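Hello,

Here is the structure to be handed over. My notes follow it.

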Amino acid sequence: MEKLQEKTLSEDYVYHGAIIQVRKDQAETAEGLPCIREVVEHPGGVGIALEDEDGTFFFVRQWRYAQEEVTIEYPAGKREKGEKDIDVAKREIVEETGYEGKDWVYLGLMYPTPAYDTETIGMYYAKKGKYRGQHLDEDENINVLKYTLDEMTDMIVKGEIHDAKTIGMTFLVKEKKNKGEI
């Protein structure tokens, strides 16, 4: 087996923001060659596939500033320091859709951009529970939509959905449902 692991020699934080930090590391490749690695430190978050009784799933439509476009995504949210993923999921699903989740199933962990970003996304499936009312953050503007997994798959294949967690979770949930695992 070939040696792949690199070694961090030093870390230099070049930016400290409200959500992310950026560092420029001096590192060494597995072969001992010096290199620079730029890393975005992000607290990560969760994505939630919330299924309604009719077999449709809840999605959010929102403006994404960095991409300068409106996206359709599974409800999701950022981890707060020390917060467990399941607690983030339970909080965020009510905030964004207004509904509680029940019968929670952990689907796994995703690395959306592992080349330079520490962000991880814990993926969850839940069934729709009681309505509690949407509680959006002050700077959030979200429309709630519902689609079947087949409709989402078609939108993904047509190139209408670009969000990595939504693409990955759609196929993951669809396959787990086909296998009777959820």
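Glu73 counts as buried because its relative accessibility is 3% (buried means under 20% relative accessible area, exposed over 50%, partly exposed in between, with a 1.4 Å probe and protein chains only). This is a predicted model, in which local features need pLDDT of at least 70 and side-chain atom pairs count only at pLDDT 80 or more, while totals for chains, interfaces and linings use all residues. Residues are numbered from 1 along each chain as its sequence is written, and side-chain values use heavy atoms, with hydrogens and water left out.

Glu73 lies in strand S6, residues 69–73 (strands are DSSP runs of E, at least two residues; helices are runs of H or I, at least four; both are numbered from the N terminus). Beyond its neighbours within four places in sequence, Glu73 contacts Phe59, Val60, Gln62, Arg64, Asp163, Lys165 and Thr166 (contact means heavy atoms within 4.5 Å). The Glu73 side chain makes a polar contact of 2.8 Å with that of Arg64 and one of 2.7 Å with that of Lys165 (a pair of N or O atoms within 3.5 Å; within protein, one must be able to donate a hydrogen and the other to accept it, and residues adjacent in sequence count only if both atoms are side-chain atoms).

Now the helices. Leu149, Asp150, Met152, Thr153 and Ile156 of H2 meet Thr166, Ile167, Thr170, Phe171, Val173, Lys174 and Lys177 of H3.

Regards
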